[in-house]
Amino acid sequence: MNALSLRGITKSFGDQAILKGVSLDVAPGEFIALVGPSGCGKSTLLRILAGLDHADGGEILIGGQEMSGIAPADRNVAMVFQSYALYPHLTAGQNIAVPLAMRRLSRTQRLPFVGSMLPGQRSARAAILRDVEEMAKSLKIDHLLDRKPGQMSGGQRQRVALARAMVRQPSVFLMDEPLSNLDANLRVHARGEIVELHRRAGVPTVYVTHDQAEALSMADRVAVMIGGNLLQLTTPQAIYDDPTHLEVARFIGQPRINVVPALAENGLVSFGGVRLALNDASFAGTSVTLGIRPEFVSLSQNRKDALAAHVERIEFLGSEVILYCKLDAIGEIMIAKLTPAEANGVSAGMPVALTLSPEKAMVFAEDGRRLAATPVAVDALKEKAHG
Amino acid sequence: MNALSLRGITKSFGDQAILKGVSLDVAPGEFIALVGPSGCGKSTLLRILAGLDHADGGEILIGGQEMSGIAPADRNVAMVFQSYALYPHLTAGQNIAVPLAMRRLSRTQRLPFVGSMLPGQRSARAAILRDVEEMAKSLKIDHLLDRKPGQMSGGQRQRVALARAMVRQPSVFLMDEPLSNLDANLRVHARGEIVELHRRAGVPTVYVTHDQAEALSMADRVAVMIGGNLLQLTTPQAIYDDPTHLEVARFIGQPRINVVPALAENGLVSFGGVRLALNDASFAGTSVTLGIRPEFVSLSQNRKDALAAHVERIEFLGSEVILYCKLDAIGEIMIAKLTPAEANGVSAGMPVALTLSPEKAMVFAEDGRRLAATPVAVDALKEKAHG
Amino acid sequence: MASLASMSIPLTTERARERSEARTAWLLASPAILLIVLFVLAPIAAVIFLGFTDFQLGIGKFRFVGFENYAHLFNDRTFRKSLWNTSVYTAIVAPLSIVLGLGVALLIESETLARSFFRTAFFLPVASLIVAMATVWQYLFHPTIGPINALLALVDIPGPNWLGASGTVLYSLSIIGVWQSVGFNMVLFLAGLTAIPRELYAAAEVDGARSSFDRFRLVTWPMLGPTTLFVTTISVINAVKVFDTVKTLTDGGPNHASEVLLFTIYQEGFVYMRVGYASAMTVVFLAILVVLMFLQYRLLDRQVHYT
Amino acid sequence: MKTEALTPGRAIRFGLLSVCALIFLAPYIFMISTAGKAQDDIFTSALSLIPAHFYYIANFTKALTRVPMGTLLLNGVLVCGLIFSLQVLIAIPCAYAMAKLKFRAARLMMVLVMLGLLIPIHATALPLYVGFNGLSLLNSYTALVAPFSISVFAIFMFLQFFRAMPDDLIHAARLDGMSELGIVARVIVPNAWPAVTAFAIFSVVAHWNDLYWPLIVISKQEYATPPLGLMYFRAAEAGDDYGALMAATLTITLPLVVAFLLAQKRFIEGITMTGLKG
Amino acid sequence: ETTLTVHYPMPGFFKNVMDTISKKFMEENPDIKIQFASPSATYEEGIQTILRQLGTNEMPDVTFIGLNRLRMIDERNVAVDLGPLVQKDGHMAEEGFSDTILKLAQVKGKQIGLAFATSNPIMYYNADLVKAAGGDPDNPPKTWDEVIALGGKIKALGNGVDGIDFRWQGDDWMFSALLFGAGGHMLSADEGTVAFNGPEGQKAVELIQRMVKEGGMPVFTKPAGEQAFAAGKVGFEFQTTGALVNTIKNVGTKFDLRTAKLPLLDPVNGKLPTGGNAAVILTHDAAKQEAAWKFVKFAAGPYGASVVVPGTGYVPNNELAAASPEYLGDFYKKNPLFKAALSQMPVMIPWYAFPGSNGVRVTQTIVDNLSRIVDQSAQPKEALDDAASDVTGMLPRS
Ligand SMILES: Nc1ncnc2c1ncn2[C@@H]1O[C@H](COP(=O)(O)OP(=O)(O)OP(=O)(O)O)[C@@H](O)[C@H]1O
Ligand SMILES: Nc1ncnc2c1ncn2[C@@H]1O[C@H](COP(=O)(O)OP(=O)(O)OP(=O)(O)O)[C@@H](O)[C@H]1O
Ligand SMILES: [Mg+2]
Ligand SMILES: [Mg+2]
């Protein structure tokens, strides 16, 4: 049984279809990262999952149970909101304590004056306090527990929102870009915390992010949503190495995959020293797209099948250098990712020669479908041509 | 003359000092990235710069002119707010047009009914419309111009806020995490747009970000602010390769720099096959910290001075793989950044041997100061010891 | 020394900046200030002045009597009675109308059906002319032929003599007072409710605020803090200023049982024509209110604004 | 998937609302019933809401002809419109200054505002009357409008509302080059719409129905406001002409109900601060 | 051409009357134009308005003041003394203004105004109830004892029916009706001491208590009593004849409405107070005064009376009007209900107004104490003594 199932969820705002039938199964304890371009409906999907919005169609099952008509509070999901949605009148500590108090204390125990006199509430409250402090410590916000949201920085607020969601044990975790306002170190730290917590608690998680590093490093499977459809859902490795759709390939990978138009003749695609044979012989089209990731583009001083190009822009990223080169032949930009050592001496405007690794190239049909293809040695090709 | 100068800016909230004397000079046309941990006062500094908050002490000069006593509107700065601060009652297009209308139309021309009858306003309005559309197109929000902020996703709002700031020609640009809610592709695209715009307009820019890739790739110089002080301000390359302070080294670089305790004996620091001679012979301390970036840690099958460790966690990031290894000797985590090929076959829990590149190691004193050091060949060392 | 000087210069210009902000503020507030002085302060000054005289309407001359009016006031049985009645009336009407106003606003917000009908229904009493409505209430409260007592008779409850008996008249007026002000408070609460970010309710639901009462405690009530403070202030003030219903329905009777402050002041000033004495009464009335309000504000204002 | 079903909770809520609404409307039910009754049909020993003979036409004819209803209503609209516009024009900048600008006199202003709230017009009517007489302004629209041009209630209400507005919004406007007045007009007012509408409701209702002040300053028919017209149906000791009185009351209340129906749509549209992140 | 601004109270009552009179007057005097100021709802408000407007441009030229407030007007020296005008006129009596009638609007011999619409208290009764209780509707009770006895029987009919509604609220008018009817006075002749607590006053308040205890009188507010009577739920109602027209309309055909004289505790010496109002001239402009005098005389004259009486139920304040068939002679034949008040005209004396600045407050004190008797929280004597001692303190110290 799946921990969470979506079947054909659709949703429109006015006449604008935002979700066009999204189906998704999350196994118990699985961590799914949901990525997609801004405005593609990720937040909307999470809200529907939590029961905060109604879908126009489709069904949701949590733990095998149909969820329609069940109130958000009864779905036992925890959510981190993109806009934080902290209670402005409560301190950080009180904010984090809310979900615990709501579940652990009885209604009467929560009453302002009466409640504090009831038996058992004292120890329950102490336990809540302990949990809150522990959570706060692990997210490095224990010094902020007495501050109200209005007195915190953006990142601090976000961590409080995260703590509020993570402090309890829900049946599903929904997180909407929970780390987007954190600095890199804190993000890595928080990433570790979330993964750790997930491992310990085994709560299935749907995690929306626009940070690929997060998606690829944290998730068991990554779902790519584009234009209201879930295009691919598979392991991080597969989604990176083996995208089934051009849009997915384009979306995943940083810097972006290089995409150039190519011609398919007789089941053979060739471009700048790369020769690929299409496995599916029945493919009839002629114009295809060739994709190759920047790390498989390298500078070569003197290979004759190298592509002539000029460096447009150099981006230094610390441990690596990104070259944006304009191909002399077709005017397209080709990106190469190099180590600082490899890029040593390269400067903007300089002519360079680029080589591509044929075994890493991918071929896509005009409609974006991935076409299976195998690299063909140039010699073999020659043989073929001459043979 | 500097385009922008800050001298000893201090600011406290209550008895909590947030800015402890920040000084900063921005040259004309320069692009400064301001980075620092969450809550370190970045937003506060920008707000003081814009004149929206009062500093407790220090002075600000824009274009050589002392700014205290000058109203925000008269400072001619443009700012992107971390909270977007879009006008909720105006459409995206109208939001973007506001700063233009305010500056290009006379007071009477802006009047609702009368204004539309005045000479010249028609062409002025048309020009504004054109500029707005152009700006919107370059940030890919031209299809949203008629929507109100309430009907947009987080990332869409952020782009509108960005467009509103970039549409005019201020004397200084202030941007507070303007891309934090965008997906990776859009971020790269917007990054390019901002850099391009900056190059064209030459407006000095202070850009707050928590994304190192942004800071390093876009900025002419990067300022690292930690604990209310500006610790280092230099080129991206230098800040990455040559941090002057442990905190800076720790903060910049993704994944984080590896930091291990080491002993300095007779001006010599050694750790796991790395031997460094401290240039400053006068250094008296004995306990120092050794830092080495993950890309200079590699797996070695059979070198005898390699560090024995066990793989704790593997993070797959598409084009690279991050190994978190626990050193058997001291129990610290050492991170290694490898290509997928290099990491092939490694799995969590596996024992590995790590080697460090001595020439890339850095030494820091106990107070965090960087100590200049030169690698010493092991043989040379042996010679020395025996000689 | 030099550093001291360089520090102090920006600080003074900074102060100049603050001054310019204050100047703008003054400018924006000046029409209001001018009009307040003209239409509130000046008349009050005149009232305070009159309070020290024996001025009577229609008699041109008056003389100063010092604190005589005030001395008289403390022995005035009617004044004390009306002070007490006003307190009782306020103690009933203000809390009831706040609670009911909030309740109605919440119910209407949570109900999707016939919203505008309900809003209008509860608002109508606010929009009605009390002099005309008094006639209707007079009839509704009629001890023998009135519909209320007729209904009570159906279930064999002997109906009280609502407006006629000194024991019940104040409560009857309170019922009308509540009827009149619930709609007023409802509108304010509705406006306050629309300003609460929807996301907070979403967060509350996800956090396990299952019942609407929980969500109310967690989000609505604290977020309505400023509105509630405002409504409370206005409700108390309006209750203390009750006049029209008393004037048209009971004339303070029977035997002062429904005598309230403003009515007493009116009676003294306009019916007995003793404007000087009425002015002294007004001054005392205002003094009491001012003290009350500032106490309330001191205590509550801090607690309801979060940013 | 949509849950619009009638749950028990909803049924209870709806029932509660309906019962309350009925109680609140009861006086109106009697009013409407009375407006259709002949005079001898009004006070009877038996409770009957349906008039024995329908006298609506007779009573409404009386209501509309006995007084110049047209003039009255027109004056009402004019006076209320003027008062409301002035109040908003004057109160909003003041409330903005008090809420969002650093301003040492803000405290003092608060005192003034509270004081203004406490002062009933009954207390200050006499000095004001003397003042208007001194300026020969009695019997004029000025006399009807001027004393209410300042509404401390409005200042108080807007103040509460503005305080809740995020500072960043105002900061953005300042950087965009708006003057403070521009901020008020272009940012504050459009976003204060729910508050302005709510205030409009109160202001219009209060002054439409105000009897006390017009009675004092107006003695010429051409400036009379609607409630002054109602007097013609009252005869104190001799007993009122109830049917006509109710018909007249309905006639002058109706415009308010229509106005409220229009306004409430607007103020619930309530623009929330969705231009912001958190 | 002269324009007169005329102000009057209680428009619901007087508007039609005033419109008719002024129209006719303008027809007869084309050089005078009458314009009305906004009327006031009650006599009280009318006086307030006038006092406020004293000396301003807004002050009307002519107004109508409640008879019990003439003394206050006089003390404030507001009205124009009509004495000289009456003198100059010479033949007031021929026009129906007898001395008795002139006296109604005099204060200490000074002619403050001309009585315009006058009333006296009468007894209204529900003939159906009287019959049901065993009384004879054609022979209504002539003494208070009979009234109380019958009232008690009516109350005993049950079904929420009450015996008596005596209009004691609001002012001291109905109390004076009992007091004067017993031959008593409010103050001593020199106006130095309280006299209403004498034996006549005692009888009056005891009578009120008896109405409550024996006659079946509930605690009604003013309009409540009137409404209950109109609904047929009260046997006897004692109040001004001025409410007659409205009562007739309210009752319609629901029951057989009759009127009769108000019983007097002392049928020989008993008197009744006069209610109503007097036209008062305020303008000091000579030309306007002349026109105003014309108008006042016209309004208070036979034509005026012939309009006022049928329209209101008041008694004619002009002897010519009452007698002459040209005016009202026929009217009374056709409308017997109006006769009760007419027949009481001989015993009408001015409504007593207390001297000094506390005059109005005194009446309120009396009403307050009456209410204690009615709701049985005080014994009649106790309440009367309290009233007396309070009033004593309010009289001007001479
Ligand atoms: N209330 C609304 N009315 C109309 N359109 C809306 C509304 N709310 C959201 N949308 C639109 O729905 C689409 C999806 O919004 P959503 O917030 O789910 O995007 P998202 O994937 O979370 O984007 P981001 O990464 O920028 O947060 C957007 O194009 C947005 O403009
Ligand atoms: N009004 C306030 N009262 C008290 N402390 C405040 C207030 N506003 C901000 N702070 C504190 O000042 C510090 C700096 O805040 P600031 O918003 O400048 O941080 P930041 O560097 O922008 O952080 P982030 O990257 O998370 O946005 C934070 O620790 C914050 O908690
Ligand atoms: Mg989103
Ligand atoms: Mg910030």
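Which polar backbone atom is 2.9 Å from an oxygen atom of ligand 2? In this predicted model, the backbone atom in question belongs to Gly41(B). Residues are numbered from 1 along each chain as its sequence is written, and chains are lettered from A and ligands numbered from 1 in the order in which they are written. Local features need pLDDT of at least 70, side-chain atom pairs count only at pLDDT 80 or more, and totals for chains, interfaces and linings use all residues, while side-chain values use heavy atoms, with hydrogens and water left out.

Ligand 2 lies between chains A and B. Its shell, defined by residues with a heavy atom within 4 Å of the ligand, holds 18 residues, the closest being Arg147(A), Gly155(A), Ser38(B), Ser43(B) and Thr44(B). Polar contacts are pairs of N or O atoms within 3.5 Å; within protein, one atom must be able to donate a hydrogen and the other to accept it, and residues adjacent in sequence count only if both atoms are side-chain atoms. An N or O atom in the side chain of Arg147(A) is 2.3 Å from an oxygen atom of ligand 2. A polar backbone atom of Lys42(B) is 2.8 Å from an oxygen atom of the ligand. On its own, ligand 2 has 640 Å² of accessible area (Shrake-Rupley method, 1.4 Å probe), and the protein covers 85% of the 640 Å². Helix H6 (154-166) of chain A and helix H1 (42-50) of chain B each supply at least two residues of the shell; helices are DSSP runs of H or I with at least four residues, numbered from the N terminus. By class, the shell comprises four nonpolar, 11 polar and three charged residues. Here Ala, Val, Leu, Ile, Met, Phe, Trp, Tyr, Cys and Pro count as nonpolar, Asp, Glu, Lys and Arg as charged, and the others, Gly among them, as polar.

Among the eight pairs of chains that touch, chains C and D have the most contacts, a contact being heavy atoms within 4.5 Å. The interface brings 86 residues of chain C into contact with 91 residues of chain D. About 8100 Å² is buried between the two chains, 80% of it on carbon and sulfur atoms; buried area is the accessible area (1.4 Å probe) lost by two parts on being put together, summed over both. In chain C, the most area is lost to chain D by Leu28(C), Phe39(C) and Leu129(C), together 9% of what that side buries. Helix H1 (residues 2-50) of chain C gives the most to the side that touches chain D, with 20 residues. That side of chain C divides into 68 nonpolar, 12 polar and six charged residues.

Chain E contributes 30 residues and chain C 28 residues to their contact. The area buried between them is about 2300 Å², of which carbon and sulfur atoms give 51%. In chain E, Gln48(E), Arg76(E) and Arg361(E) lose the most area to chain C, together 24% of what that side buries. Three salt bridges are counted between chain E and chain C. Arg361(E) also meets Glu268(C) through their side chains in a salt bridge (2.1 Å, N to O). By contrast, chains A and E do not touch, with their nearest C-alpha atoms 45 Å apart. Chains B and E do not touch either, the corresponding separation being 41 Å.

Technical notes. A salt bridge is a side-chain nitrogen of Lys or Arg within 4 Å of a carboxyl oxygen of Asp or Glu.
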